[in-house]
Amino acid sequence: MPPINLLPTELVPKKGAIKTSNLIKQVTTVGFTVLSIIIMGIIGYFVYLNSQFSSLERVNNQLVTEIEALEGTEQQFFLTKNRLKGIKEVYSADSQLDKILQIKSSFPPEVQVSETEVSSEGIGLVFFSPNASSISKVLETIYQSELFDGVLLKSFGFNPVSGYTVTLLMS
Amino acid sequence: MASKKLNLNIEFKKGSFRTASFEYIFKPLAILVTMLILVIVVLNIAFSRVNAQKENIAKEEKNQEILLNKRDLLTALKSESLSYADFTTTALPNGNPALIFLSQLKSVSEEHSVTIQNLTAGAETSNKTGVQLLDMSFDVEGQVLDVLRFLKTLETEIAPIATVSNARVTELAGAARAETSVFVYFSEFPTKLSALTEPITEFTNEEVDLLNTLTNLRQPAFLELEPKVEGIRINPFEY
């Protein structure tokens, strides 16, 4: 016996609607299943990450304790680094004394240096020479040393008794 | 009464948008849409949490690398760090080094057979890098080369470190007099350590060379006065 449907035809859904509804229900069921799997996967992954993080944190705390036990060494190391930084800056400047010691030992013996002024700007030199050839030897020594960017002849004088008087500024 | 109610209901539905087919689809569609919204929200939250945790792990891994490196380096330096700190602190002391420098000046001048006169200590000044300097002036008398070598020794061989800022050497018949200004350097100790997770680097080759130079500097002679041991007091009234 066929089922009796007393509903008016307006209240009976169309076949297409039933099909669509069933499709949506299927999609929803599949979607829900997939979503559940994804959520479980994410939860699992999150738990794994959490355990990894905890493990790292535990090891790091252990390392911190070990480093804290070496605090004295750390302070000394830090102090040494700090001092070295300052010393490096002081030592980075060129020593003018080195230069004057280097060139002065090569001057001819007849040349008499009367005044040497050493400063951060350069070296001032006043010397007497009995003859012109000794002056050229002095200049040659300075030139060959390659220690100075420039040599300025500040004054040049001659006296029949003491000879030549030369003032140089080397920088 | 019941049939009248049913008719009314049918009338209402006929005139509205909500047909039977729509009602039939609406419920599963609503669930689907809700589920989609839920998917978006849940995935969004989940990914942000996972990413945040991944970032935390990356940060902890980086910290671990720094801490491991720091621990190994400090363990390796444990035996040497004290002597390094001592040498560098003597070379660049914490406070005004005038007295230590004077002691060194006396000892070096005797060694080079030169005499020191008109010694004055000027004001302390600070340079750009935070290293402070003390300006000390004095006259040196002696043989020309002795005077120059003496000045060179001050610059290169003694602790605390100093540089000759100005020297006016006048010579007469082999004897020389140098009006000298010397900068003696010092610097205040750092007041705080770097953060625990801040990386530290071991000494560079340049720093090792510098440390070797500093260990060869003449250290100032400090005299430590021992407390006098109390002896037995003699009773002056006892014969």
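**Exercise 1. Find the stretch of chain B over which pLDDT stays under 50, and decide how it should be read.**

Solution. Start from the score itself: pLDDT is the predictor's confidence in each residue, from 0 to 100. In this predicted model it stays under 50 over residues 1-15 of chain B, and for this stretch the model has six contacts beyond four places in sequence, a contact being a pair of heavy atoms within 4.5 Å. Next, look at the elements, where helices (H or I, at least four residues) and strands (E, at least two) are DSSP runs numbered from the N terminus. Among the elements of chain B, helix H1 (residues 2-15) has the lowest mean pLDDT, 46, while strand E2 (residues 132-143) has the highest, 92. For chain B as a whole the mean is 84, and 90% of its residues reach 70 or more. The model scores ipTM 0.74 and pTM 0.71.

Some conventions apply throughout: residues are numbered from 1 along each chain as its sequence is written, and chains are lettered from A and ligands numbered from 1 in the order in which they are written. Because this is a predicted model, local features need pLDDT of at least 70 and side-chain atom pairs count only at pLDDT 80 or more, whereas totals for chains, interfaces and linings use all residues, and side-chain values use heavy atoms, with hydrogens and water left out.

**Exercise 2. Describe the order of elements in chain A and the span of its C-alpha trace.**

Solution. Begin with the count, which for chain A is four helices and four strands. Placed in sequence order, these elements give the pattern α-α-α-β-β-α-β-β. Then turn to the dimensions: along its principal axes the C-alpha trace of chain A spans about 155 × 50 × 20 Å. The radius of gyration, taken over C-alpha atoms, is 48 Å for chain A, whereas a compact globule of 171 residues would have one near 16 Å, by the rule of 2.2 Å times the number of residues to the power 0.38. Of the 171 residues of chain A, 36% count as buried, where buried means under 20% relative accessible area, exposed over 50%, and partly exposed in between (1.4 Å probe, protein chains only).

**Exercise 3. Which residues of H3 in chain A are buried, and what covers them?**

Solution. Helix H3 of chain A runs over residues 96-104 and is mostly covered, since seven of its nine residues are buried. The buried residues are Gln96(A), Leu97(A), Lys99(A), Ile100(A), Leu101(A), Ile103(A) and Lys104(A). Their cover includes E1, E2, H4 and E4 of chain A, together with helix H5 (144-156) and strand E3 (162-172) of chain B. One residue of helix H4 (residues 132-145) of chain A is Thr141(A), which is buried at a relative accessible area of 16%. Leaving out residues up to four places away in sequence, Thr141(A) touches Ile103(A), Ser106(A) and Phe107(A).

**Exercise 4. Where do Glu146(A), Asn118(B) and Pro160(B) lie, and what marks their backbone?**

Solution. Glu146(A), although not a glycine, has a positive phi of about 55°; its place is the loop between H4 and strand E3 (151-159) of chain A, and at 71% relative accessibility Glu146(A) counts as exposed. Asn118(B), likewise not a glycine, has a positive phi of about 50°, but its place is in strand E1 of chain B, where it is exposed with a relative accessible area of 54%.
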